[in-house]
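Good morning, and thank you for the time. I would like to take the group through one model, from its overall layout down to a few individual residues. Please have the display open as I speak.

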Amino acid sequence: MSKLRCTCGNIISDTLSPSDVSGCLLSDICMDEFFISISRIVDSYVQHFANDDVESWRREHLGDGYPTTVSPGDMIHDLLVTQFLDLTLAAVECDECGRLWFQEKPNTNRYHAYVPEVDAEKRTKKLGDFKSQDER
């Protein structure tokens, strides 16, 4: 996304990483699929490793153009990030009005806004704020 003009006129930017205005939405069904894919990817890697055949695993899962010097952990990371992004909807929060913008479908650049039902004075930031009430 990088930048999105909110209905209120504010420009929401997630160009800094990590960003406290952006996040992801993952349904229960997609979350289950994601965790199943983790098991399959790791099981497949372990099996190929035991057979001393990691190179064919790398080609099968990442293609011939993928660098051969990347560590196993980084290869698995790259596969999981791709799988995660294919299953999640991007979400951004306007830091002015509190609207939450959700991607229409994964890997698209169309967003829909949802407006908080509370007054601006009572609104609290939702993304990027993981402190408990006791820590505030």
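Read along the sequence, this chain follows the pattern β-β-β-α-α-α-β-β-β. That gives three helices and six strands, where helices (H or I, at least four residues) and strands (E, at least two) are DSSP runs, numbered from the N terminus.

Let me state the ground rules. This is a predicted model, in which local features need pLDDT of at least 70 and side-chain atom pairs count only at pLDDT 80 or more, while totals for chains, interfaces and linings use all residues. Residues are numbered from 1 along each chain as its sequence is written, and side-chain values use heavy atoms, with hydrogens and water left out.

Two totals describe the chain. Of its 136 residues, 24% are buried; buried means under 20% relative accessible area, exposed over 50%, and partly exposed in between, with a 1.4 Å probe and protein chains only. Among contacts with a separation of 6 or more, 47% join residues 24 or more positions apart, contact meaning heavy atoms within 4.5 Å.

I turn to the helices. Helix 1 covers residues 28-50, which is 23 residues, and spans 33 Å from its first C-alpha to its last. That is close to the expected 33 Å, the expectation being 1.5 Å times one less than the number of residues. Which residues of helix 1 are buried? They are Cys30, Phe34, Ser37, Ile41, Ser44, Tyr45 and His48. The cover over these buried residues includes helix 2, residues 54-62, and helix 3, residues 72-87.

In helix 2, the buried residues are Ser56, Trp57 and Arg58, and they pack against helix 1 and helix 3.

Two packed helices are described by the angle between their axes and the distance between the axes. For helix 1 and helix 2, the axes come within 8 Å and cross at roughly 145°. Here axes are lines fitted to C-alpha atoms, for helices over the stretch in contact, and angles run from 0 to 180 degrees between N-to-C directions. On the helix 1 side the contact involves Ile41, Ser44, Tyr45, His48 and Phe49, which meet Val54, Ser56, Trp57, Glu60 and His61 of helix 2. By type, the residues of this contact are five nonpolar, four polar and one charged. In that scheme Ala, Val, Leu, Ile, Met, Phe, Trp, Tyr, Cys and Pro count as nonpolar, Asp, Glu, Lys and Arg as charged, and the others, Gly among them, as polar.

Next, the backbone. Most residues other than glycine have a negative phi. Asp52, which follows helix 1, has a positive phi near 55°. Asp52 lies in the loop between helix 1 and helix 2 and, at 73% relative accessibility, counts as exposed. Asn107 is also not a glycine and has a positive phi of about 65°. Asn107 sits in the loop between strand 5 (100-103) and strand 6 (111-114), and its 57% relative accessibility makes it exposed.

Asn109 and Leu4 are 105 residues apart in sequence, yet their C-alpha atoms are 9.9 Å apart in space.

Four strands form an open, antiparallel sheet in the order 3-4-5-6; two strands pair if DSSP finds at least two bridges between them. Strand 3 (22-25) and strand 6 are at the edges with a single partner strand each, so one side of each has no neighbour in the sheet. Direction ignored, neighbouring strands are turned by 30° against each other on average. Strand 4, residues 89-93, pairs with strand 5 over three bridges in the antiparallel sense, and Glu93 stands opposite Leu100 of strand 5.

Is Thr88 buried or exposed? Thr88 is buried, with a relative accessible area of 2%. Its side chain reaches the backbone oxygen of Phe84 at 3.1 Å. Leaving aside neighbours within four places in sequence, Thr88 is in contact with Cys24, Leu25, Leu26, Gln103 and Pro106.

Methods
Polar contact = N/O pair within 3.5 Å; in protein donor to acceptor, adjacent residues only side chain to side chain.
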